[in-house]
Amino acid sequence: MTALGRASGVRVGGWGDAGRAMRGPPPPLPVLFVVLVAAPGTRAAGYETCPTVQPDMLNVHLLPHTHDDVGWVKTVDQYYYGVQNELHHGAVKNILDSVISALRAEPSRRFVYVEMAFFSRWWHQQTNATQQAVRELVRQGRLEFANGGWVMNDEAATHYGAIVDQMTLGLRFLQDTFGDDGRPRVAWHIDPFGHSREQASLFAQMGFDGIFLGRMDYQDRELRKKKREMELVWRASASLQPPTADLFTGLLSNAYDPPKHLCWDLVCDHDSSMVGDPFSPEDNADVLIDHFLDVATKQWQSYRTNHIVMTMGGDFHYENAHMWFSNLDKLIQLVNAEQQASGSPVHVLYSTPACYLWELNKANLTWSLKEDDFFPYADGPHQFWTGYFSSRPALKRYERVSYNFLQVCKQLEALAAPAANVGPYGSGDSALLEEAMAVLQHHDAITGTSRQLVADDYARRLAAGWGRCEVLLSNALARLSGSQEAFSICPELNISVCPLSQTSARFQVAIYNPLARKVDRMVRLPVSAGAFLVKDPSGHAVPSDVLLLPQPEGQKPSPELLFSASVPALGFSIYSVSRVSLRRSKTHIPQPISQKPGSAVLNIKNEHIRATFNLETGFLMQIEDLEQKLVLPMNQSFFWYKAGTVGQKISQSSGAYIFKPQQQKPLPVSDSAQIHLLKTPLVQEVHQNFSAWCAQVVRLYRGQRHLELEWTVGPIPVGDKWGKEVISRFDMPLDTKGYFYTDSNGREILKRRKKRESRVGENYRPTWNLNQTEPVAGNYYPVNTRIYITDGKKQLTVLTDRSQGGSSLQDGSLELMVHRRLLLDDNRGVGEPLLEEGSGSWVRGRHLVLLDAVGTAAAGHRLLAEKEVLAPQVVLAPSGSALYHPGATRQLQFSGLRRELPPSVHLLTLARWGPQTLLLRLEHQFARGEDSGRNLSSPVTLNLQNLFSTFTITRLQETTLAANQPRASASRLQWNPDTGTTPTPTVPPLDPASITLQPMEIRTFVASVQWEEFAWSHGGDPVQA
Ligand SMILES: [Zn+2]
C-alpha cells in the first residue's frame, strides 16, 4: 500500500472544494451552546455522549446495526435461538452476545439496537455482571437504542391504538431497565414498506427528535437526491398545532444496507475482508478505501450538511460481531490516519442515529416541509408494494379482534384490580396478549408477509394471550357482578358456532362495553330450536327473533337468536335467555327470490335507510337516507384481478408484498347473484350468492344508520392456474374529480388523488410529477378503517373491519381488496407463494356503508368506527350460579363511569400500570373543522375527578404518548421548516378537574389511584365502603 495509491489528488481536491463551497461552515460552537441552554424545550440531554466530529471535514458516521425481524421466514423463537438456520440464517441471542463482547473489547465502537421483543428476552437471561456491563455501555452511549418499540411496526396495516400499545411496551422496558440513559431519541423505521403520516405524528407525540427511513418510492428517491431533500421536516397532522406533530425525517441513502463491497458479516459471502497489511500480496486496502471515499463523495452530493451516515449492517447481521467490527476498526484507522495525512477532508467515525441527528440539528438549517405520506411504495416501475395491504385477511381480522379484546381485558384489569388477576377462575392477566399483540404489529406479521408456519405461530401467540385474558375477564365479571358464573366467550360467533347457547335451554349473556358511552347493539347467537324469552337486567322482556339461516354445504342450519341489547359506558349488562317453547313457528327463514328481467326491484328498509336491489342481477343498486332525503344509485359487486405472473417483458409477479395485476381491468366474479330475502321485526337481509366461493348478506338492523355488507370469500379457486385478487367494488354516479379519501392508521384522513386535473389520464403524487407505470396497483392505498368519496354534497363512506387495500380508480368508483390467493412468490425474500390453505382460505368480513351529507358525514363515520374497533364483548354463562361471596348482591348492570364522556372523546387506554397506578389516555377523535353539523370538532374539557366508579384518582401525572417521560420535563430538538418556525407551546399546569382536548389530541396520564371497596350487600352501584 502506498500513500499515493490511496490519496488520489483529483478526487480529494475535487469534491473537497465543491462540497465546502456549496455548504458553508457550520455556526460557531459557542453560539450553538448558548442557543441550547437558553431556548426552552431544547436540550442536549442524551447527546452528550456523542463522539467528537471534525467541523471542517466531511464526517462519515458509521452506524453498526442489525435488523432483526420479529418473525418472517422463521418464527420469533427460531430467530432468537438460531434454530432452522437452513431456512434463513438468524440467531439473535448470538448476535447480542457477540455485540456486547465486541463493544467491551474496544471503547470507540458503537452499536444501535431496536427490537425489544428480542432484547428484553436476552436481558432476562443474562448474569448480573453482564447486565451491569451493558448498563455501562448504555450509559456511555455506546449501545444506543433506537425506536425502542417491542417491534419495528408496520405502518400500512396497523391501527394507531395498537402502535401506541406496542411502543409503550418496548419503551417501558427500556425506561424500567436503563432509566433516561436508555430512552431512544430517534425512531428507526428502516424496513417498513412505505410510511404513514400518522406514524410520524405518533412518534412526534412520543417525544422522538427525528426518524430515519429506509424505503421510499424509487422515483421520489431519485428526485429528492437531486434536490438534496433527503432530509426534511414532516408535518404529520393537519389538526395538531405545529410543531406538536412535526418530525424531522431522514431518508437513508442505501435503505439500511452497507455500501456495495463493504459488507463484513458472515452472511456476506461475496465481500472481502479489509486486509490492510502492506506486506501481503492480498492487500486490498487501497482499492477498498478508494471505493469507500468514492461512495462517500457520491452520497454527500444528495445531503446538505458535512455529515452523512452509512448503515453498516443488515438482516440478522453481527452474529459474529468481531468480523464486522474489526473491519470497521481498520477502515476508520486507515481513512482517518492516512487520508488526513495526505489531505483528504474525510473523517470517519463510529456513531449512532441519535449522534448523527444531533449534528444535523446543530447545523441549524431550514428544511423542506412534507405534509403527505410515503404511500404507496414502489422499488421499480412494476413493483408496487400494495398487495400486503390485503394479504392474509383472516390474520388481519384476528389481530383487529384481538386489539378489541385486549382493551376489554386491560380495562377490566384496571376496574376490578386486584380481583381481576386472582379470583375464582385462577390467575389471569393482560400481559401475554399485550406481548402477542405487540409482536403482531411487526412489519412481517400484520402485513401477511411471513411464511405460513410463521403466520400460524403469530395466531398461536394471540390465542395463548386470549386464554389468560379470558380468566381475567371471568374473575373481573364475577367480582363486579357479585356472582360466580362459568363465563365463556365464543370465538367462533362469526360463523354461528357457540356450544353453550346451542345446547342450553337457559343461559345468560353478559355484554361488556369498552366505550365511554352507552351503546345499543344487536346480539346474535346460535341457539337450539324453539322460541325464546330474553329479559334485560331489570327483568323486562325485550323483543327477539329466531332466524334459520342457510349454512355452507355439509353444515346443518342452526337457528340464531337476535335481540337488541343496551350496555352502559365502560360496563356490562347481563341478559337472561330461556327457551319457552319447542315450537318452530316463529322461526324466520330467508325466502328465495326469483330473478326477473327488466326493471323489477326489491327493497329492504328501516327507519333511516332503504336499500334497493336490481332483480335482474341481484346486485345492490341504490341507497337512500330517508331522513336527509339523499338518494344514491350504485352498483356493488365482486371482481377479481388476474394476478400477474413473470412474463417476458416484466419479471415481476404478484405476491405477499406486491400487487401486480396481469390486466388493469378486473373480471366479474359473476354477472348476477342468486338472492334470498329475510324480513323480521328486527332485521331485514338480502342474501346474495355470487358464486361457489363468493357470497354476501346485505343487512339492515332496526335503528341502524348504516348498511352492513357481510361478505364471505373463499377458498379462492386457483385450479385455472391464475392467482386471484378479489375486490368488492361500488360504482356510483358521483363526480368525484379524481379524489378519494383514506384514513391513516385509523385516525386522521388523507386526501388521495388519482389523476391530475389538467392532464386526463395522468396520475398524481403530491410532491412530484409521477410517471405512472401501474395504473391500478400504483393507485392503491392502505385503508385501516375507512375510505370515502364525495361530490361535495353527498359522501359515501365504507368502514372496514380490518386493514385492506383500496382505491378509487374512476370517478364515483370505490374498491376494496378483500382477499388474495397467489401461486407465485414475488421475490422479496419470503420465498413462498401466498397460497393459504385451511383456516386462512375462507374469510368473512363486513363493510359498513354510510351515506351522508358532507357536513355531517364525520359524525357518522367517526362514531361508528369507534364502535367497531372497540365493539362490545359478548360473554356467556349457564344459569344458576353461586354468589361471589356470601351476602353479595348480584349486579346485572354495571358502569365503570359515573358519567359518560362526550361523543368527541375516545377513551383510548385504561390499563393497569403499577400496583397503585393506572395508565389513562383520552383522545379527541375528531379532526379540526371536520364536523360542521354537531360541533364535534370543538375543543372539549373534561373533569376527571370522581369520573370512575371503582377507583378514585389521588394523583395525576401527564406523560408523553408512550408514557416513558413526564410531559412537563419532556422536550424535543427544534427544527426549522422552510415555511417558518413555530415555537413549542408551553405546557399548562395540570388540573384534573379541567382537562382540555384539542381536535385529534391524545393526552396520556399515569394516575395514582385508590380502588373502592365494594359494598355488595347494599346493592345498587358499587359504592365506597
Ligand atoms: Zn424487516
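This is a predicted model: local features need pLDDT of at least 70, side-chain atom pairs count only at pLDDT 80 or more; totals for chains, interfaces and linings use all residues.
## Zinc site

Four protein residues supply the donors of the zinc ion: H67 and H443 through NE2, and D69 and D191 through OD. The angles among the 4 donor atoms run from 92 to 162 degrees, and the site is irregular.

In sequence, the donor residues follow the spacing H-x1-D-x121-D-x251-H. D191 belongs to the loop between strand 4 (186-189) and helix 9 (197-205), while H443 belongs to the loop between helix 15 (431-440) and helix 16 (452-481), so the pair ties together parts that are 252 residues apart in sequence. Both D191 and H443 are buried.

## Helix 8 and helix 14

Helix 8 (residues 160-178) packs against helix 14 (residues 393-415) at an angle of about 60 degrees, and the two axes are 10 Å apart. Helix 8 is therefore oblique to helix 14. The crossing of helix 8 past helix 14 is left-handed.

On the side of helix 8, the contact involves G161, A162 and D165. Helix 14 contributes E399, Y403, L406, Q407 and K410.

## E434 in helix 15

E434 is located in helix 15. With a relative accessible area of 15%, E434 counts as buried, because the cut-off for that class is under 20%.

When residues up to four places away in sequence are left out, E434 touches D165, L169, L406 and K410. Among these partners of E434, D165 in helix 8 also meets helix 14, and L406 and K410 in helix 14 also meet helix 8.

## Helix 15 and helix 16

The loop that holds H443 lies between helix 15 and helix 16. These two helices pack at an angle of about 155 degrees, with axes 7 Å apart. Because angles over 145 degrees count as roughly antiparallel, helix 15 and helix 16 are assigned to that class. Helix 15 passes helix 16 in a left-handed crossing.

From helix 15, the residues making the contact are L432, L433, A436, M437, V439 and L440. From helix 16, they are Y458, R461, L462, A464, G465, W466, R468 and C469.

## Backbone features

Most peptide bonds are trans, and most residues other than glycine have a negative phi. Two cis peptide bonds are described here. One runs from F375 to P376, with omega near -10 degrees, and P376 is placed in the loop between strand 10 (366-370) and helix 14. The other joins A417 and P418, with omega about -10 degrees; P418 lies in the loop between helix 14 and strand 11 (422-423).

Positive phi values occur at R392, where phi is near 55 degrees, and at K737, where phi is also near 55 degrees. R392 lies in the loop between strand 10 and helix 14, the loop that also holds P376. R392 is buried, with a relative accessible area of 2%. K737 is found in the loop between strand 32 (724-731) and strand 33 (739-743).

Notes. Residues are numbered from 1 along each chain as its sequence is written. Side-chain values use heavy atoms; hydrogens and water are left out. Donors are N, O and S atoms within 2.8 Å of the metal (3.2 Å for Na, K and Ca); water is not among the atoms, so sites may look incomplete. Four donors count as tetrahedral if all angles lie between 85 and 135 degrees; four count as square planar and six as octahedral if opposite donors are over 155 degrees apart and all others between 65 and 115; anything else is irregular. Helices (H or I, at least four residues) and strands (E, at least two) are DSSP runs, numbered from the N terminus. Buried means under 20% relative accessible area, exposed over 50%, partly exposed in between (1.4 Å probe, protein chains only). Axes are lines fitted to C-alpha atoms, for helices over the stretch in contact, and angles run from 0 to 180 degrees between N-to-C directions. Angles under 35 degrees count as roughly parallel, over 145 as roughly antiparallel, 65 to 115 as roughly perpendicular and the rest as oblique. A crossing is left-handed if the near helix is turned anticlockwise from the far one by less than a right angle, and right-handed if clockwise. Contact means heavy atoms within 4.5 Å.
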